[in-house]
Amino acid sequence: MKAGIVGLPNVGKSTLFNCLSNAKAQSANFPFCTIEPNIGVVNVPDPRLEKLESLVNPERVLPATVEIVDIAGLVKGASKGEGLGNQFLANIRETDAILHVLRCFDNDNIVHVDGNVNPIRDKETIDMELQLKDLETVDKKLEKVKRAAKTGNKDAQKEEAVLLQIKAALEAGTSVRALEFSEDDYEDFVKPAQFITEKPVMYVCNVDEGSAVSGNEYVEKVREAVKDEKAEVLVLAVGTEADINELEDYEERQMFLSDIGLDEPGSSKLIRAAYKLLNQQTYFTAGVKEVRAWTVNIGATAPQAAGVIHSDFEKGFIRAEVIGYEDYVTYGSESKVKEAGKMRVEGKNYIVKDGDVMHFLFNV
Ligand SMILES: Nc1ncnc2c1ncn2[C@@H]1O[C@H](COP(=O)(O)OP(=O)(O)OP(=O)(O)O)[C@@H](O)[C@H]1O
Ligand SMILES: [Mg+2]
């Protein structure tokens with residue numbers, strides 16, 4: 001699962017990538033600095049992991065990770081191939097969620113491809129290009145399904161109806177994610193089409209240093225414009241955080257962060273939000289050798305969670321011993337949790353909860 005950083009050229013996408021990842025992307029003050037996507041695997045900051053570490057004292061600790069992709073900027077006409085648009089749109093299609101960066105800072109030295117700062121217009125420009133690309137997808141599919149529908153094929157008729165609904169919405173400037181489908185229609189027709197505007201989105205307002213804590217007028221406008229989208233809006237002083245992230249020394253970084261009024265980097269918040277946007281949650285394994293955070297889809301069953309460690313664990317799954325994170329912390333160790341009778345034994349239908357500390361029993 002990976003989240004893609006999307007937006008107009010020169011709005012701070014690569015700079016954001018550099019706040020998140022140790023893989024360094026080239027960022028510079030000119031449009032289309034990025035052509036090939038930059039890919040980074042980012043640790044998901046999780047205070048629970050530190051807590052478990054202090055209780056268990058393991059040899060090593062491994063955090064959960066999420067993949068972030070820094071993609072080239074899109075411009076008006078991208079869906080028609082402007083600015084290598086088609087290639088960039090293909091890069092976006094390969095991601096599972098979109099981090100949409102909006103320029104919300106004034107700075108005459110930083111070029112804006114459309115002449116002035118206006119995050120609402122920018123958002124609409126990007127949305128429109130993504131919608132036009134999806135329209136192309138829908139038209140291709142309609143072309144294919146039309147004949148079969150005419151000859152009376154029931155499935156084809158159903159698909160045609162769904163596609164026509166999507167087409168009408170896209171033509172009206174609505175993204176696929178805003179539409180409602182029956183579960184069957186969704187699974188059979190919508191999901192396989194991999195519409196770009198169906199991917200979950202989060203807006204990242206790139207602000208100046210002074211607006212890192214409470215945002216600014218641009219941010220307010222963004223919030224207002226997207227209020228019906230149920231999408232998260234995150235405020236991040238991307239330029240400043242990238243500079244702070246360059247500092248080697250942890251104490252020094254903390255000092256600069258508190259100078260701008262933050263107790264943790266906005267990028268940490270963003271990574272956790274991206275993880276959620278990807279529908280991911282964490283369970284832990286905790287032993288003296290290793291305390292580790294594992295990533296599973298929200299709604300995963302115990303055997304599926306076991307399968308993240310090894311496919312044999314899933315195939316040969318017998319049961320799981322589960323300790324809720326809060327119980328683990330309250331009692332302080334696995335043995336004390338057991339004594340208190342708080343360790344649960346769960347079977348193959350158990351739905352994993354975020355923060356579960358799990359131990360799997362299986363045979364191979
Ligand atoms: N909040 C900010 N305040 C001031 N300058 C910023 C801010 N964020 C980014 N910048 C600057 O904007 C310029 C463009 O940044 P960056 O290269 O990250 O953009 P990009 O979106 O990746 O562009 P491209 O699409 O061309 O790859 C850089 O000079 C960067 O330092
Ligand atoms: Mg870039």
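Visitor: I would like to focus on the sheet: in which sense do β2 and β4 pair, and over how many bridges?

Guide: Happy to show you! This is a predicted model, in which local features need pLDDT of at least 70 and side-chain atom pairs count only at pLDDT 80 or more, while totals for chains, interfaces and linings use all residues. Residues are numbered from 1 along each chain as its sequence is written, and chains are lettered from A and ligands numbered from 1 in the order in which they are written.

Now to your strands: β2 and β4 pair in the antiparallel sense, over six bridges. Strands are DSSP runs of E with at least two residues, helices are runs of H or I with at least four, and both are numbered from the N terminus. Two strands count as paired if DSSP finds at least two bridges between them. In general, strands of a sheet pair through backbone hydrogen bonds, either parallel or antiparallel. Within your pair, Ile 39 stands opposite Val 69 in β4.

Let's step back to the whole sheet. Six strands make up an open sheet with mixed pairing, in the order β2-β4-β1-β5-β6-β7. At its edges stand β2 (38-43) and β7 (233-236), each with a single partner strand, so one side of each has no neighbour in the sheet. On average, neighbouring strands are turned by 25° against each other, direction ignored. Angles here run from 0 to 180 degrees between N-to-C directions, and the axes are lines fitted to C-alpha atoms, for helices over the stretch in contact.

Moving along from β4 (residues 65-70), you meet β1, which runs parallel to β4 and is joined to it by four bridges.

Helix α4 (residues 119-150) lies across β1 (2-6), β5 and β6, and runs at about 145° to β5. Contact between two residues means that their C-beta atoms, placed from the backbone, lie within 7 Å.

So, when you turn the model, start at the edge strand β2 with its single partner, follow the order β2-β4-β1-β5-β6-β7, and look for α4 lying across β1, β5 and β6.
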